[in-house]
Amino acid sequence: MNTADIMAKMIERADGNHHDINHFMKVYTFAKTIGEMEGLSAAEQQTLELAAIVHDIACPLCRIKYGNAGGKHQEAEGPALVREFFAGTGFSQEMVERIAYLVGHHHTITDVDGMDYQILLEADYLVNADEMEHTKENIQHTMEILFRTDTGIRLLKAIYKVE
């Protein structure tokens, strides 16, 4: 399987939930853009892109199990779902474990241990700031405490007009 196959598989899994599909498609696009512009290696880029596609894989389960898709619930439930989702796809166990780790931490902004992790956080925030209608003050503050890549900062400033 390749990235496009995983995208199609995730769209099917979303079972017609337009919000979920649109969300991960936007996060994927930002992650791909930032990763390419920041010069990730081919392996890091592929891991990042796959993680961006499946980063919210636990949302449907969390809505049923907990009544909401809060970040900590997603982080708790996501890794096992990632491993199941990627079973038989041909991706290496090492890559699947890294994707599971990223999904299990994509709402945790401390102890970021790689560019793939950093970029996933930034890409998800770029989308969430719009979807959740964050204030300009929240966006400015998040830029200062979370964003580290030149590309992520450039995109955040261009989209939300912060300095």
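Predicted model: local features only at pLDDT ≥ 70, side-chain atom pairs only at ≥ 80, totals over all residues.

Trainee: How does one begin with a nonpolar core, and which residues have the most contacts inside the largest one?

Mentor: The general idea is that in soluble globular proteins nonpolar side chains tend to be buried together. Here the largest nonpolar core comprises 48 residues, and Val-54, Phe-86, Ile-99 and Leu-156 have the most contacts inside it. Two or more residues are contributed by each of α1 (3–13), α2 (18–37), α3 (42–54), α5, α6 (93–103), α7, α8 and α9. The largest share, nine residues, belongs to α7.

Trainee: With which residues is Val-54 in contact, leaving aside its neighbours within four places in sequence?

Mentor: With that exclusion, Val-54 touches Ile-6, Met-10, Val-82, Phe-85, Phe-86, Ile-99 and Val-103. Two of these partners, Phe-86 and Ile-99, are themselves among the residues with the most contacts inside the core.

Trainee: How should I read the sides of a helix, and which residues of α8 are buried?

Mentor: One asks where the buried residues point around the axis. In α8 (residues 136–145) the buried residues are Ile-139, Thr-142 and Met-143. They lie on the same side of α8 because they cover an arc of only 105° around the axis. Their packing partners are α7 (115–131) and α9 (150–160). The face turned away from this buried side carries the exposed residues Glu-137 and Glu-144.

Trainee: Is Gln-74 buried or exposed?

Mentor: Residues under 20% relative accessible area count as buried. Gln-74 has a value of 5%, and is therefore buried. This residue belongs to helix α5 (residues 71–86).

Trainee: Which side chain does the side chain of Gln-74 join in a polar contact?

Mentor: The partner is His-106, and the polar contact is 3.1 Å. Beyond four places in sequence, the residues in contact with Gln-74 also include His-55, Asp-56, Cys-59, Cys-62 and His-107.

Trainee: What of Met-95: where does it lie, and is it buried or exposed?

Mentor: Met-95 lies in helix α6. Its relative accessible area is 12%, so Met-95 is buried. Setting aside neighbours within four places in sequence, Met-95 is in contact with Ala-43, Gln-46, Thr-47 and Leu-50.

Trainee: How far apart are the C-alpha atoms of Met-95 and Leu-48?

Mentor: They are separated by 9.9 Å, although the two residues are 47 residues apart along the chain.

Definitions and conventions. Residues numbered from 1 in each chain as written. Heavy atoms only, no water. Helix = DSSP H or I, 4+ residues; strand = E, 2+ residues; numbered from the N terminus. Buried < 20%, exposed > 50% of the residue type's maximum accessible area, 1.4 Å probe, protein only. Polar contact = N/O pair within 3.5 Å; in protein donor to acceptor, adjacent residues only side chain to side chain. Contact = heavy atoms within 4.5 Å. Arc of directions from axis to C-beta. Core = buried A, V, L, I, M, F, W, Y, C linked by side-chain atoms within 4.5 Å.
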